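My entries follow the order in which I checked things.

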Amino acid sequence: MAELPPRREAHREPHPDVAGYLLGTLQDDEARAFLDHLDGCEACQRELDELADLPQLLTDLLTDGPNTWSLPAGLEERTFDALAAVAPREPTRSETGHASGPSNITAITPAPERPRERTRGRRRPAGLLIAAAAAAAVVIAGVATLSVLRTSNPAPLASIRLVSADGGPAEGNATVRTTDAGLTIDMTATGLAPAPAGKIYTCWLVADDDTLAHPDRVSVGSFVVRGPTVHVHWTTAADLDRFPHLGVTVEPDNGNPSHQGPKILNGVPRPR
Amino acid sequence: MLDVVTEDPATDDPVDLVHGVAGSTSDAELLAAVAAGDRDVPLRELYQRYAGRVYGLGVQLLSDRGLAEELVQETFVRLWRSAGLYEASRGSPATFIFTIARRLAIDLWRRPSSRTPDPDQQALPTDDQIDRLVTRLGVRDALDSLSSAHRQVLELSYRDQLKQTEIAERLGIPLGTVKTRSHHALRLLKSELQRRDIHG
Ligand SMILES: [Zn+2]
């Protein structure tokens with residue numbers, strides 16, 4: 001049997017019989033000795049209080065608990081296949097109040113100011129990133145003119161190579177398709193470093209007349225880099241005739257939907 | 001004499017205590033990444049964490065594995081579409097996800113083709129019944145997430161009602177190790193329950 005720490009003397013390590021007392025697995029003499037100790041030990045009283053809900057939860061599980069089962073094989077893939085077919089997201093709570101901007105996937109954080117109204121687009125949750133005030137340069141260099149690649153073919157509408165805009169190792173490609181829900185953009189990129197703290201990658205569709213002083217672009221979506229390869233799927237109602245260029249920037253994750261950050265990837269049309 | 005702290009090699013493996021890179025990301029962070037449009041790694045991680053319980057909810061409430069599968073699929077589709085609606089001030093991610101799942105489960109339950117005309121099955125489960133079920137699924141899930149050594153000592157205690165001395169004999173380990181392992185197991189279970197927003 002345990003040699004008990006003296007009464008009323010603080011001890012750093014938990015008493016060896018706290019668990020046994022809670023679970024009812026002590027011998028009678030051990031339980032009595034522990035109760036004597038507990039009477040004067042605040043540390044053990046606190047520990048008992050913290051763990052006190054566990055015996056009942058375990059007993060409930062024993063007497064009335066669900067059976068165990070394993071998830072059916074293939075359910076994860078079936079679920080994610082189903083997900084891939086359901087693209088548009090519901091507007092976020094913060095997006096529902098104001099509205100404009102054609103993309104379904106917008107910045108994580110809402111626009112603090114009301115963005116410029118758009119008359120086109122299936123849905124117009126706010127957010128979008130039609131920058132009222134762009135703070136930094138926004139030139140997409142090697143542009144992919146998506147509209148000229150349009151076709152009635154159900155095959156990908158356009159395949160775009162993404163090249164680093166800053167000489168870094170990042171590269172990737174994006175495939176644009178038309179679906180009933182709008183345009184889908186599947187982008188795969190490698191060599192992107194995780195965004196610095198407080199920053200987030202954003203993919204844009206950019207109009208011809210987009211300039212530093214008068215940005216004219218919509219955000220397709222934002223993404224987080226967690227590994228060597230990023231795959232993102234977006235749906236957007238953006239009009240490719242109006243926003244024919246694609247690019248990726250890194251933006252402050254500060255709720256400002258305007259384009260502010262440096263360009264990371266440029267879209268370049270892939271030879272067909 | 002019994003050392004207050006007993007080394008327990010069976011459970012000292014850090015794998016028991018560390019959940020890996022994805023596992024260290026909180027549910028709220030994963031939801032935020034999903035809300036930002038990433039349906040890949042974060043959503044799959046949420047699937048790993050929640051699909052078992054959602055499936056269990058479906059099996060228990062709907063008594064049909066096909067409907068339970070449908071519940072899992074619909075819950076994650078809905079989660080993908082509505083992750084941006086999550087507000088931490090209104091509850092935990094677990095509450096958010098199970099709110100989605102229970103609404104969908106009730107929709108599925110109401111679907112006429114989903115039930116046999118068994119009178120015992122006609123009453124819609126109450127919120128309270130569903131709450132208790134979700135809690136038990138969470139406890140089961142938390143227990144299953146422990147190392148086998150930790151889970152075993154708890155199961156021998158509460159399921160088989162063995163005293164610590166009997167557990168020591170059954171497992172062929174010192175009594176002091178049983179005591180230490182029992183305490184570690186309860187501590188880890190507590191922390192796994194907290195991760196699942198479960199409180200007794
Ligand atoms: Zn004590």
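**Entry 1: surface of chain A.** I began with the accessible area. Chain A exposes about 12,200 Å². Carbon and sulfur atoms supply 51% of that area. I noted at once that this is a predicted model.

**Entry 2: burial and contacts in chain A.** Next I looked up how much of the chain is buried. Chain A has 272 residues, and 50% of them count as buried. Then I took the contacts between residues at least 6 apart in sequence. In chain A, 64% of these join residues at least 24 apart.

**Entry 3: helices and strands in chain A.** I found 6 helices and 8 strands in chain A. In what order do they come along the sequence? I read the pattern as α-α-α-α-α-α-β-β-β-β-β-β-β-β.

**Entry 4: cysteines.** Are Cys41(A) and Cys44(A) buried or exposed? Cys41(A) has 3% relative accessibility, so it counts as buried. Cys44(A) has 1%, so it is buried too. The cut-off I used for buried is under 20%.

**Entry 5: a helix pair in chain B.** I moved on to chain B. Two packed helices are described by the angle and the distance between their axes, so I looked up both values. Helix H2(B) covers residues 27–35, and helix H3(B) covers residues 41–62. Their axes come within 8 Å and cross at roughly 140 degrees. That angle makes H2(B) oblique to H3(B). H2(B) passes H3(B) in a left-handed crossing. Which residues make the contact? On H2(B) I listed Asp27(B), Leu30(B), Leu31(B), Ala33(B) and Val34(B). On H3(B) I noted several, including Pro42(B), Leu46(B) and Tyr50(B).

**Entry 6: Thr25(B).** I found Thr25(B) in the loop between helix H1 (20–24) and H2 of chain B. Its relative accessible area is 15%, so Thr25(B) is buried. Thr25(B) and Pro42(B) are 17 residues apart in sequence. Their C-alpha atoms are 9.1 Å apart in space.

**Entry 7: Ala185(B).** My last stop was helix H9 of chain B, residues 175–195, where Ala185(B) is found. Ala185(B) has a relative accessible area of 0%, so it is buried. What does Ala185(B) touch, leaving aside neighbours within four places in sequence? I found Leu146(B), His150(B), Val153(B) and Leu154(B) in contact with Ala185(B). Ala185(B) and His150(B) are 35 residues apart along the chain. Their C-alpha atoms are separated by 5.0 Å.

Definitions and conventions
Residues are numbered from 1 along each chain as its sequence is written. Chains are lettered from A and ligands numbered from 1 in the order in which they are written. This is a predicted model: local features need pLDDT of at least 70, side-chain atom pairs count only at pLDDT 80 or more; totals for chains, interfaces and linings use all residues. Side-chain values use heavy atoms; hydrogens and water are left out. Helices (H or I, at least four residues) and strands (E, at least two) are DSSP runs, numbered from the N terminus. Buried means under 20% relative accessible area, exposed over 50%, partly exposed in between (1.4 Å probe, protein chains only). Contact means heavy atoms within 4.5 Å. Accessible areas come from the Shrake-Rupley method with a 1.4 Å probe; for residues, only the protein chains shown count as cover. Axes are lines fitted to C-alpha atoms, for helices over the stretch in contact, and angles run from 0 to 180 degrees between N-to-C directions. Angles under 35 degrees count as roughly parallel, over 145 as roughly antiparallel, 65 to 115 as roughly perpendicular and the rest as oblique. A crossing is left-handed if the near helix is turned anticlockwise from the far one by less than a right angle, and right-handed if clockwise.
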